[in-house]
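Subject: Structure handover

Hi,

Here is the structure I said I would pass on.

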Amino acid sequence: MAEQPQAIKPIIEIIDFSSKRKLRDLPWWFFALILIAIFVFFIITTNENYNDAFNFIKIGLVITIKTTLISYAIAILFGLLAGLGRISKSVILNNISRLYVELIRGIPILVLIFFIAFVGVPVLVDSMNNIGYWLSGIGLDFLGKIFTAITNQDLSMNARAITALAFTYGAYLAEIFRAGIQSIAKGQMEAARSLGMSYAQSMRYVILPQAIRNVLPALGNDFVAMVKDSSLVSVLAVRDITQVSRLYAGTTFRFREAYIILAVLYLTMTVILSLGVQLLERRLRLHD
Amino acid sequence: MTEQKPIIVVKDLYKYFGEIKAVDGVSLNIEKGKVLVVIGPSGSGKSTLLRCINHLEDPTSGEIWIDGEKLTRAAKQINEIRAEIGMVFQLFNLFPHLSVLENVTLAQKVIRGRSQDEAKQTALEKLKRVGIPEKADAFPSNLSGGQQQRVAIARALAMDPKIMLFDEPTSALDPEMIKEVLDVMLDLAQEGMTMVCVSHEMGFVRSAADEVVFMDFGKVVEHTTPEGLFNNPQNDRTKLFLSQILEH
C-alpha cells in the first residue's frame, strides 16, 4: 500500500511542460503508459472478441466503484475514531485502538477478507441475534426486535466484502490520522483550551481541520490503493471487474482478452486518480 | 494592600516534573485590577506558575482560587474558568487555518454562544483596540510577529475575560515589534484589567506593574513593587539578576 505513491510521483512533471526541458527529462514511461491504454482501447473498438469481452467486463465497474467508495467512506470513520483513540489519554480507548490497528496490520488483507466475511460478521450478527432473543425473552420485545432485525441470511457477500475492506482500511487510515494530529504543534491545543474549549471542541474546530488538510494527499494515496485492493473481494464471488473477468475467461476461454482488459481498466482508474491526488498536493503546497 | 478580596489566590503551590521542582511552594494574592509581573531566570518556574493558574499544568499540590472559586480537576469547571482567563503565549499560537476574524470569533461562538454578527462586531471592536482592524480578513501567516501577537490579545479579549495572563509575550518578537505589543498591554493595564505577566521588559515593569515577583528555582525570592525592585532590591539573587539585565 505504501509503495504506490513513490512510484507515481513524477507524473506531476508532465503537467508543466517547460520549453527548455531536454528530451531526456521527459516522462517517457508515462507516454508509454498512455500509449498502452490507447492501444488497448483501440483494439477493443476494432476487434470483435475484445469488444465482446469489454462489454461483459465493464458491467463489473459499477460494483468495483461502489464497493470502493462505500468501503472508503466507512474506513474514514473507523480510521478517524481509531486515530483519535490512539492519541487519547484514556488507557482503555488507547489500547482498544492499538489492538485494532496491530491486529489488522499483522494479517494479510486477503486473509482478513475471508475472516471477516466468514467469521467476523456471522459471529457478530449471531451474538446480536442471541441478545435480541434474550431481550424478547425477558419481555423487552421492542429492543429484542432491533437486535434481531438483521440476520446472517440478510447479509449479502457484497455487504460482507464492504465491511471487510472498510474494517481493514480503517486501521491503515487510523495511523494516517494519528500522524496528522500529532503533526500539529502542541500550542494549538493549548491556545484552544485556554479559550475555554473542551478537548472535543478543540479537536473539532482547531486540530482536526489542520490535521486533515495535512493528510489529504496520504488519504488520496490510500484511496488509490483501495481501488486496487477492491479486486480482492472477487474471492467472495462479488461481481466486481475482477470477478466478471474471471467468469468471462472461464466460460469463453478468452483469457488473454479478459485479463488484458482487466489490467488496463485498473491502470486507467489508478493513473487518473493519482494525477488527481498530485494536483491536490500541489494546490495544498501553493496555499501554504 | 487594601481590604479588597483578591481575584487570584495561589496557596502553597507545588508543581513537580518528575524530580524537577518547577514550582516549589508558591503563595500569592492578586487583587482585582492589579498588574503583577513575574520575573526571574529561565527555568525558575515563572511560566509553569502562570500555566497552573488556568490549569494548563495540573499542580502537584496546593490550591488556586479564581474569583472566589477553588480550581479542581473537574473538566467542566476548568473549561468555564478558562473562558474567564485570557492567555497570550510566547509563540502567539494563532489558528493558521482561520482568518484573523475567525480566530477572534471562534471561541465567542462556541463557548459564549454568540451569533455570527454579534461575535464579528465584538471581534472588530477588539481588533480596533489592538490597532489592526484592517487585518480582519488576513490570515495569520501574512502578518508580522507583532501583528500576530496583537491578534492573539484581541482573541483573548473577545471573551471578555476577568484576568489576562501573558507568558513572555514579547520574547519571540523582533525588537521593533516589541513596542506595539507592549503599548497594547500598557493600555489594558491602565484600563484596569487584572494581569499576570511573565516578562523581562523592564520598561513595562516600571510603567505598568503594581507588583513584581522575582522567582528562582521555583520559589518566590522577592515580592515587591517596581520602585522597590529598582531602587532597593533585598535579595542578593535579585540584585545579581537585575544587574545583568539592566547593564545593557
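Predicted model: local features only at pLDDT ≥ 70, side-chain atom pairs only at ≥ 80, totals over all residues.

Chain A first. Its secondary structure amounts to 12 helices and 0 strands. Read in sequence order, the pattern is α-α-α-α-α-α-α-α-α-α-α-α. The C-alpha trace of chain A spans about 70 × 55 × 30 Å along its principal axes. Chain A has 288 residues, and 31% of them are buried. Take the contacts in chain A between residues at least 6 apart in sequence: 75% of these join residues at least 24 apart.

Next, the contact between the chains. Chain B puts in 19 residues and chain A puts in 16 residues. On the chain B side, helix H2 (75-83) and helix H3 (100-110) each supply at least two residues. H2(B) gives the largest share of that side, 5 residues. By class, the side of chain B that touches chain A holds 13 nonpolar, 4 polar and 2 charged residues.

Now the nonpolar cores. The largest one has 119 residues. Which of them touch the most other members? They are Val37(B), Val38(B), Leu165(B), Met185(B) and Val196(B). Helix H8 of chain A (residues 157-182) gives the most to this core, with 14 residues. Val37(B) is worth a look in the viewer. Setting aside neighbours within four places in sequence, Val37(B) is in contact with Cys197(B), Ser199(B), Val205(B), Ala209(B) and Val212(B). There is also a second, separate core of 12 residues. Its members include Ala53(A), Ile241(A), Tyr248(A) and Ile261(A).

Last, a helix pair in chain B. The axes of H3(B) and helix H4 of chain B (residues 116-129) come within 9 Å. They cross at roughly 130 degrees.

Best wishes

Conventions: Residues numbered from 1 in each chain as written. Chains lettered and ligands numbered in written order. Contact = placed C-beta atoms within 7 Å. Helix = DSSP H or I, 4+ residues; strand = E, 2+ residues; numbered from the N terminus. Nonpolar A, V, L, I, M, F, W, Y, C, P; charged D, E, K, R; others polar. Buried ≥ 20, exposed ≤ 12 C-beta atoms within 10 Å, placed from the backbone. Core = buried A, V, L, I, M, F, W, Y, C linked by C-beta atoms within 7 Å. Axes fitted to C-alpha atoms, helices over the stretch in contact; angles between N-to-C directions.
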